[in-house]
Amino acid sequence: MEIASKYNPAEVEEKWYKYWMDNKLFHSEPDSREPYTIVIPPPNVTGVLHMGHMLNNTIQDVLVRRARMQGKNACWVPGTDHASIATEAKVVNRLAAQGIKKNELSREEFLKHAWDWTHEHGGIILEQLKKLGASCDWDRTAFTMDETRSESVLKVFCDLHDKGLIYRGVRMVNWDPKALTALSDEEVIHKEVTGKLYYLRYKIAGDPDGAYAVVATTRPETIMGDTAMCIHPDDPKNSHLKGKKVIVPLVGRVIPVIEDDYVDIEFGTGCLKVTPAHDVNDYMLGEKYNLPSIDIFNQDGTLNENGDRYVGMDRFEVRKQIEKDLEEAGLLEKMEPYTNKVGFSERTDAIIEPKLSMQWFLKMDDLARPALEAVEDGTIRFYPEKYKNTYRHWMENIKDWCISRQLWWGHRIPAYFLPQGGYVVAMSREEAFEKALAKVDYPLSINDLKQDEDVLDTWFSSWLWPISVFDGINHPDNKEIAYYYPTSDLVTAPEIIFFWVARMIMAGYEYRKEPCFRNVYFTGIVRDKLGRKMSKSLGNSPDPIALMEKYGADGVRMGMLLTSPAGNDLPFDESVCEQGRNFNNKIWNAFRLIKGWETDDTIPQPETAKIAAEWFQSKLSETIAELDDLFSKYRLSEALMLLYKLFWDEFSAWYLEMIKPAYQQPIDTETYKTTLSYFDVLMRLLHPFMPFITEELWQALYDRKAGKSIMTSLQPKQTPADKELLNDFETLKEVVAGVRTIRLEKNIPNKDELELQVIGSHNHQYDSVISKICRLSSVSSVSEKQPGAVGFLVGTIEYSIPLTDKMDVEAELQKLKVELTYTEGFLQSVLKKLNNERFVQNAKPEIVEAERKKQADAESKIALLKENIAVLEK
C-alpha cells in the first residue's frame with residue numbers, strides 16, 4: 001500500500017468511514033458477548049453541530065470504540081429529539097416569513113409544515129456526526145416522535161394516570177408569553193436584572209387624614225391584580241394597619257390588610273402587595289387566607305379586561321405608563337435603582353410571567369425515592385462525584401412536574417373531554433369512546449369527545465429514551481431490552497442533570513425496576529479564551545465542520561480531549577487542534593520512516609536493538625496498566641496525554657532512535673518485525689481517540705483481509721513490566737541528556753565522536769545504547785577526571801567528557817567561574833533561611849525539607865564546578 005508523503009485527512013476520513021459503513025462495523029445484534037451500550041443524548045432536530053456536541057460525541061465515541069476493542073458487543077444508539085418549543089418556534093418563524101400566521105392554520109395544516117421542517121432538517125446533525133467519526137449503529141436511529149417512541153410515551157402517560165400519579169389542576173406555572181406555553185422550573189433561567197423599586201401609596205380606607213401605607217414593588221403593572229396587603233404580625237412600624245383596609249392605587253379597589261410571618265420586615269417598608277394570580281408566594285398566601293385571584297394577563301403578556309385603563313397594552317409598556325400615571329396622581333412616593341433575579345425562558349429568552357393555569361402534573365415524590373437511593377448508594381456512579389450533591393439537593397426538594405405544554409408540535413395528551421364534564425384517558429379515540437360509554441349515562445357519539453389541545457413536555461419522551469430505543473415500554477420482554485439494558489455509560493452536560501438524567505433514572509426504576517445506566521460522565525462547558533461560554537449570539541464559537549476541514553477530524557478530536565477533564569470547563573483554543581494535527585503528522589512520519597527501511601535477514605540483531613525492544617515492551621505494559629486505571633476513572637484527557645507522550649517521547653524520540661539503522665543501511669529482520677508489532681499496538685491504543693489515521697496506518701502495516709478493521713481488533717492487554725529495567729532506563733536518559741547538553745553548550749557537531757568517562761558505580765550493561773544515541777567512541781570507568789574534561793552528575797555518579805582539543809579553555813574557565821559565583825550566592829540565601837531558627841520551627845516540614853535538598857544540590861554542584869575549574873587551570 002503506497003503511503004503518501006503527507007497526511008491528507010479529508011481523503012483518509014471519507015474513505016474509511018465509507019468502509020466502516022459498507023462493512024456494517026458499527027452494527028450490533030444481541031449475542032453471547034458482554035454488551036456495552038450507550039444512548040446518544042438526542043440533539044434537537046432543529047440543531048446543527050456545535051462545539052458542545054463535538055466534545056460530548058467525541059467522548060462517547062472514545063468509550064464505545066474502546067469497548068468494542070475489548071471484545072464487548074458495543075452498541076451506540078443515535079437519534080434526535082422533536083424539541084417541541086424550539087421546533088415550533090422555527091416553523092412559526094418560517095411561516096411568518098411567508099406571510100402566514102399560526103392561528104390562521106388548522107392544527108393538521110400546521111403539523112404538516114412541522115413535519116416538513118423535521119424531514120428537511122432532522123438528519124443534518126447526524127450526518128455531521130459522521131464527519132467526526134461517530135461509530136453509531138445508524139440502523140437503530142430513533143426519533144422521539146417516531147411511531148415506536150410515540151406509542152411508548154402515550155402508554156406511559158396512560159399508565160401513570162391510571163396509577164393516580166398524573167393529575168390535572170389550576171396551579172401557578174411559569175408562563176412563556178412568547179412561546180405561549182407553560183414551562184417547568186428547570187426551563188427557567190434566572191438572570192440578574194437592573195430595574196427599579198417603586199414605592200406606591202395605598203390610602204388607608206376611611207382614614208379622615210388621608211393617611212396611606214407604602215408598598216415597595218418591582219412590578220407596579222400588577223397592581224390591578226392585588227387582592228390584599230400583608231404585614232408581619234410582629235412589625236411595630238406597621239402595627240397601626242392591623243385590621244384595616246387599603247385602596248389599590250389608580251384602581252380604587254378596597255382590599256384587606258392581612259398578617260403573616262412570611263413578610264420580610266426589613267424589605268422595603270415591610271408592607272407587601274398580594275397578587276395571587278401573578279406571584280408564586282402570593283399564590284400561597286391567597287390559598288392560606290382564601291383571597292380572590294384576579295388574572296390580569298392575556299397569554300401573550302398583554303393586559304386583559306381586568307387591566308383597567310391598560311387593556312391590550314404589553315406588560316412592559318404598562319410599567320412605563322403606570323409610572324407616569326401614579327406620579328400624576330400623587331401615588332408614587334419614590335423610586336430606587338434595584339437589582340434582582342428575574343426568570344427568563346430557556347428557549348425564547350422571554351421574561352417569564354408567573355400565571356395561574358390549568359395544566360397536567362406528574363407527582364414526583366414516589367418516583368424520586370428509588371432514583372435518589374441509586375445514586376446515593378453508588379448503584380449509579382457520577383463522574384466527577386461532586387454532582388451527587390447537586391442531584392441530592394434537587395431530588396430531596398423535588399416538585400411535581402408540569403408536563404403539559406400549550407403547543408401543537410409534540411405528543412398530544414391522550415385525554416378526551418366529555419360533553420357534560422369529566423374526561424377519560426386512553427391510547428386512542430376509539431378506546432376513549434369505549435371508556436366514556438362505560439362512564440356516562442347519557443347518549444354519546446365518538447365525535448362528542450374532544451381531545452385535549454395540549455402536548456406533553458419534550459422531556460416526557462426523552463426521559464424514556466434508554467428504554468424506548470429498545471422498545472422496552474411497548475414490549476417489555478423483548479430480547480433487545482433484555483440484552484442491552486441497563487445501558488453502560490451516559491455522557492451528558494451537567495446543566496440537564498434535572499431535565500434528563502434524574503428523570504431517566506426515575507423512569508428506569510418505575511418501568512424496569514433497575515438503573516437505566518451504570519455511570520454518568522458529565523462534560524464541562526466549552527468556553528473561549530476569555531472564559532465565555534461559546535454561543536451563536538456571542539459569535540465566539542468556531543464552526544466544527546470548518547475546524548475538521550482545516551485540522552482533520554482526528555486533530556480536532558484530540559485537541560478537544562486534551563483540554564477536557566471530566567466535569568470541568570474546556571478552555572478551547574484553536575491551537576489545541578493544531579497540536580492534534582501536528583501529532584497526526586508525527587505518527588504519519590514515524591510510519592513512513594519505519595516503512596522506508598530495507599531489511600536484511602543475514603544481519604544479527606544488534607545488542608542496542610535487543611535492549612531497546614525489551615525496554616519498550618516494559619514501557620508499553622506499564623502504560624497499558626496506567627491507561628486501564630485512567631479509563632476506569634473516566635480520566636480520558638489524562639489517558640490521551642499518556643498515549644501522546646508514549647508515542648512522541650518514548651517511541652519516536654527514544655525507541656526509534658535506539659534501533660534505527662545507519663544512513664542508507666538495512667535493518668535486521670528481527671528488530672523490524674518487533675518494531676512493526678509495536679506500531680500495531682500503538683495504533684490500537686490510539687484508535688478510540690484518533691480513529692481515522694490509526695485505521696489508515698493499521699491497514700498499511702500488514703496485508704489485511706477485506707472487511708477487516710482496526711476497530712474490531714482487540715485492545716492490547718497489560719503484561720508484567722520489568723520495573724528494574726524501566727528505572728535503569730530513566731538513569732540512562734539522564735546520562736544521554738547530560739552528554740547532549742555538553743554538545744549543545746560547547747557547540748560540538750553530532751558527527752564528532754566523544755569519549756565518556758565515569759567515576760562511580762555506573763551500570764555498563766547499557767553502554768551500547770548510550771554510545772549509539774550519543775555517538776560515543778567509548779564509555780570507560782576512571783578513578784579521576786582528566787584535565788580539560790567537562791562533567792555532570794547523575795545522582796552520585798560523575799560523568800565527564802575530555803574536551804581539551806575541542807574547546808576554548810579561557811572562555812570555559814570564565815563561564816565556570818561565573819556559574820560558581822552564582823551558585824555560591826544561591827547557597828548562601830538557602831543557608832540564611834536554614835540558619836533562621838524561627839523559619840525552621842514555623843515552616844511546614846516539607847518546605848524545610850525542600851530547602852535542605854536545595855542546600856545539598858548546591859553544595860554538590862559547587863564541588864563539581866571547583867573540580868572542573870581546577871582541572872582547566874592545571
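Reader: Which helix gives the largest share of the lining of the largest cavity?
Author: This is a predicted model: local features need pLDDT of at least 70, side-chain atom pairs count only at pLDDT 80 or more, and totals for chains, interfaces and linings use all residues. Residues are numbered from 1 along each chain as its sequence is written, and side-chain values use heavy atoms, leaving out hydrogens and water. Helices are DSSP runs of H or I, at least four residues, numbered from the N terminus. The largest share of the lining, 3 residues, comes from helix α3 (residues 84-97).

Reader: How much space lies in the largest cavity?
Author: A cavity is a set of points on a 1 Å grid, over the protein atoms alone, where a 1.4 Å probe fits but cannot get out. Points are joined across faces, edges and corners, and the volume is the space filled by probe spheres set on them. The count comes to 1 cavity of 30 Å³ or more. The space in the largest cavity is about 70 Å³.

Reader: How many charged residues does the lining of the largest cavity have?
Author: Lining residues have an atom within 4 Å of a point. Among them are E187, R347, R405 and D457. Asp, Glu, Lys and Arg count as charged; Ala, Val, Leu, Ile, Met, Phe, Trp, Tyr, Cys and Pro as nonpolar; the others, Gly among them, as polar. By class, the lining has 4 nonpolar, 2 polar and, as charged residues, 4.

Reader: Are α21 and α22 roughly parallel or roughly antiparallel to each other?
Author: Axes are lines fitted to C-alpha atoms over the stretch in contact, and angles run from 0 to 180 degrees between N-to-C directions. The axes of α21 (residues 669-686) and α22 (residues 691-701) are 9 Å apart, at about 155°. Under 35 degrees counts as roughly parallel, over 145 as roughly antiparallel, 65 to 115 as roughly perpendicular and the rest as oblique. The two helices are therefore roughly antiparallel.

Reader: How are α2 and α17 set to each other, roughly parallel or roughly perpendicular?
Author: The axes of α2 (residues 51-69) and α17 (residues 553-562) come within 10 Å. They cross at roughly 95°. So α2 and α17 are roughly perpendicular.

Reader: How many nonpolar residues does the contact of α10 with α15 have?
Author: Helix α10 (residues 387-396) packs on helix α15 (residues 497-511) at about 75°, axes 11 Å apart. Contact means heavy atoms within 4.5 Å; Y387 and W394 of α10 are among the residues that make it, as are F498 and I505 of α15. The contact has no charged residues and 1 polar residue, while its nonpolar residues number 9.

Conventions: 1 Å grid on protein atoms, 1.4 Å probe; cavity = no way out; pocket = protein on both sides within 12 Å on 5 of 7 lines; lining within 4 Å.
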